Amino acid sequence: MAAWLYAQLKINKGKNEEGVFRWENEIKTFDSLNAREKYADNAIMFLGSSYIRMWKNIRKDVCYPEIIHRGFGGCNLRDVAYYVKRIVYPHNPKALFIYVGNDITAGEKDKTPDQVLELFRYIVKVVREKYPTIPITWLQISPSEKRWAVWDKITAANQLIETYCQSQPNLFYIASADKFLGNDGKPIAKYYRDDKLHYNEEGYKVWGKNIVNQVKEISNK
């Protein structure tokens, strides 16, 4: 596993097959925002993939006005690991909340649950180099109809990260999956966009309502 993680993170730009550099323009936009935006001492950061990027009403839904909103496209954990210093280090967030749901998608390059855990552990390690004590929270990867065929693997990855968070100081895990599953145990269609993957406005309201109290509690630790 250590050798695999090293291979994932030792990126050669000329031979990069998974395209981590495809996010460079988005990260440059973050660089520009970092240079001109000013945040209060109580600001928290939400970092992650499209679920975060598309959450337009995040401050209202989470009832927390000082949010550094940093979501980029369909990034995976290796992308976050590569760019995490540029995204997080320019700030002094009171707490960090991470959602990345694109490592297990029923695709050929899917990672195993153990590999998802190792990448998350690495991201935590990098964040801890500058912020040794801030709360870091993993937001449980959501179920969706589009990726239902691999929900068992996604669940396994979530469970590994939850166990890891429980074993470490100032690491937290917020579960939300049950709010999006119906009595039949499958995703509730009315909470998702037509792509059967991302939340619609109603879905985001449900997500925000579910995590709002925990976000406040964790951010005040």
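Leaving aside its neighbours within four places in sequence, Ser50 touches Gly73, His198 and Tyr204, where contact means heavy atoms within 4.5 Å. The model is predicted, and local features need pLDDT of at least 70, side-chain atom pairs count only at pLDDT 80 or more, and totals for chains, interfaces and linings use all residues. Residues are numbered from 1 along each chain as its sequence is written, and side-chain values use heavy atoms, with hydrogens and water left out.

Ser50 belongs to helix α3 (residues 50–53); helices (H or I, at least four residues) and strands (E, at least two) are DSSP runs, numbered from the N terminus. With a relative accessible area of 7%, Ser50 is buried. Buried means under 20% relative accessible area, exposed over 50%, and partly exposed in between (1.4 Å probe, protein chains only). The side chains of Ser50 and His198 make a polar contact (2.7 Å). Such a contact is a pair of N or O atoms within 3.5 Å; within protein, one must be able to donate a hydrogen and the other to accept it, and residues adjacent in sequence count only if both atoms are side-chain atoms.

Aromatic rings come next. The structure holds 24 aromatic pairs. Rings of Phe, Tyr and Trp (its six-membered ring) pair if their centres lie within 6.5 Å; planes under 30 degrees apart count as stacked, over 60 as edge-to-face and the rest as tilted. Tyr51 and Tyr199 have ring centres 4.8 Å apart and planes at 70°, so this pair is edge-to-face. It links distant parts of the chain, with Tyr51 in helix α3 and Tyr199 in the loop between β5 and α8 (201–219), 148 residues apart. Both Tyr51 and Tyr199 are buried. Tyr199 also pairs edge-to-face with Tyr204, the centres being 5.6 Å apart and the planes at 90°. Tyr204 is buried too, at 3% relative accessibility. Ring pairs join these tyrosines into a cluster whose members include Phe46, Trp55 and Trp207.
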